[in-house]
Amino acid sequence: MLKLNIRKEAMSKIDSNLRNLPSVDKVLSHQEIKELAEEYSREAVLALVRKEIEKARVAIHSGQSSPPLRELLQNIRHSAELLWRAGPQPVINATGVILHTNLGRAPLSQEAMTALNQAAAGYSNLEYDLLGGERGNRMEHVEHLLCQLTGAEGALVVNNNASAILLALKALAENREVVVSRGEAVEIGGGFRIPDVLRQSGAQLVEVGTTNRTYIGDYEQIISEKTAALLKVHTSNFKVMGFTYSPSLEELISLGRSLQIVLLYDLGSGCLLDTTQFGLAPEPTPQESIARGVDLVFFSGDKLLGGPQAGIVIGKEEWINQLKRHPLTRALRIDKLCLAALAATLLHYIKEEAPSKIPVWCMITTPLSSLEQRALAWAEAVGERATIITGESTIGGGSLPGETLPTKLLALSRGEESIDGLAQRLRQGEPPVIGRIEEDRLLLDPRTVLPEEDEPLLNTLRNALKSS
Ligand SMILES: *Cc1c(COP(=O)(O)O)cnc(C)c1O
């Protein structure tokens with residue numbers, strides 16, 4: 001009897017809470033919501049209102065009381081802001097990682113942005129031959145530039161490097177074998193694993209050697225009439241140290257040549273400049289691979305090349321033509337915006353102005369003194385919680401593993417709240433600022449912050465420190 005009474009009581013409480021819930025019309029007639037409906041549309045806002053009321057109804061059935069109207073309205077406005085903000089949202093990269101894949105890799109040069117804008121705003125001769133007034137080819141805008149810069153006979157550009165490799169394996173090795181050194185059957189990041197890509201292409205992976213040591217003899221032994229290609233992968237995001245060996249590029253090239261098996265080289269980064277002139281370890285360049293005689297070389301557009309997302313294949317015309325003819329090429333084609341930005345980026349290399357025009361190279365070549373100056377100016381604006389310390393920036397994005405550049409960092413010590421709390425405040429700032437945490441300090445590296453971002457960064461920083 002008592003149990004039944006309690007149950008009855010609970011039921012009537014739920015009923016009264018449900019009755020207290022405002023109707024959809026009542027919420028819609030609220031000034032705040034009317035303004036929201038004006039900014040977006042009545043339809044879109046109506047859906048949010050219904051969803052929020054439904055959520056409250058479910059909460060009431062599980063025993064909670066009906067939310068105050070204020071809270072309901074606030075939730076609706078908050079959802080609208082969250083759902084209908086145009087993204088990806090710009091953020092300031094103060095991590096010191098120049099090619100940060102999660103933050104969009106390479107920022108574009110002014111010229112590349114202008115080219116991209118022009119291609120976006122109107123029509124273009126993307127696939128139109130202005131001289132003859134007939135159908136043209138979208139590769140023409142970049143192929144001659146790539147060939148001139150690298151000495152290759154031919155070039156093809158697709159959506160990204162992963163798709164370029166998939167395309168080549170599919171076009172040249174489907175249902176046949178591809179030989180890869182065990183130490184190079186790697187995961188690049190973001191789920192790009194050489195063995196998986198091979199499986200997707202329908203080619204069969206044949207691993208040779210051991211994780212740390214592979215000899216040319218290992219390749220020779222395994223090659224048969226089923227072998228379609230040798231694939232060399234630049235292990236771009238890790239280093240194997242100590243007791244290691246891998247055959248030289250020359251050995252692989254002459255083996256491929258003598259047995260007439262195509263040699264594919266996935267370089268990853270597409271670094272066209274000599275990195276040793278900037279105090280970095282040597283990074284293999286596409287042009288030297290071509291000069292030595294690699295058949296096809298693969299690299300990304302948005303790593304050390306410093307351009308938009310793209311997958312670039314250069315090499316012998318015979319093989320490039322086979323790729324161009326494959327039906328998958330159409331499915332993986334590069335879009336006009338990236339193509340325009342890529343052509344403008346390549347032109348910087350033709351003009352030998354890459355280090356001063358392409359943002360990733362500007363970042364790499366920034367002198368320590370100017371980094372220190374900026375860090376000092378930040379510290380001055382921020383106040384006593386900031387100090388300047390010496391640290392290291394990294395290249396990232398699967399280039400030059402283990403290589404660092406000396407830098408000056410703004411180090412923020414913790415206030416009342418934790419250092420994680422401060423980092424979160426910065427991430428949620430306007431604009432968001434992303435730093436890194438080391439030894440209970442928040443570190444901000446000026447190297448990866450574009451000069452015009454100094455003021456916005458300080459704005460976020462001041463606000464975050466004020467409220468922490
Ligand atoms: C980054 C990388 C890839 C993938 O390139 P995406 O352009 O991101 O598709 C493939 N191989 C290597 C060696 C890489 O470093």
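The legends below describe close-up views of helix packing and strand pairing in a predicted model.

**View 1. Packing of helix α8 against helix α9.** Helix α8 spans residues 161-173 and helix α9 spans residues 194-201. Their axes lie 8 Å apart and meet at an angle of about 45°. The two helices are therefore oblique to each other, and their crossing is right-handed. From α8, the contact involves Ile165, Leu166, Leu169 and Lys170, while α9 supplies Val197, Leu198, Gln200 and Ser201. Sorted by class, five residues of this contact are nonpolar, two are polar and one is charged.

**View 2. Packing of helix α7 against helix α15.** Helix α7 covers residues 140-150 and helix α15 covers residues 336-350. An angle of about 30° relates the helices, and 10 Å separates their axes. Because angles under 35 degrees count as roughly parallel, α7 is described as roughly parallel to α15. The crossing of this pair is left-handed. On the α7 side, the contact is formed by His141, Val142, Leu145, Leu146, Gln148 and Leu149. Their counterparts in α15 are Leu339, Leu342, Ala343, Leu346, Leu347, Tyr349 and Ile350. Eleven residues of the contact are nonpolar and two are polar, with no charged residues.

**View 3. Strand β14 with its partners β2 and β15.** Strand β14 (residues 386-396) runs parallel to strand β2 (residues 97-99), and two bridges join them. Leu99 has Gly396 of β14 as its bridge partner. Strand β15 (residues 404-412) pairs with β14 in the antiparallel sense, over nine bridges. In this pairing, Ile389 is bridged to Leu409 of β15.

Notes. Residues are numbered from 1 along each chain as its sequence is written. This is a predicted model: local features need pLDDT of at least 70, side-chain atom pairs count only at pLDDT 80 or more; totals for chains, interfaces and linings use all residues. Side-chain values use heavy atoms; hydrogens and water are left out. Axes are lines fitted to C-alpha atoms, for helices over the stretch in contact, and angles run from 0 to 180 degrees between N-to-C directions. Helices (H or I, at least four residues) and strands (E, at least two) are DSSP runs, numbered from the N terminus. Angles under 35 degrees count as roughly parallel, over 145 as roughly antiparallel, 65 to 115 as roughly perpendicular and the rest as oblique. A crossing is left-handed if the near helix is turned anticlockwise from the far one by less than a right angle, and right-handed if clockwise. Contact means heavy atoms within 4.5 Å. Ala, Val, Leu, Ile, Met, Phe, Trp, Tyr, Cys and Pro count as nonpolar, Asp, Glu, Lys and Arg as charged, and the others, Gly among them, as polar. Two strands pair if DSSP finds at least two bridges between them.
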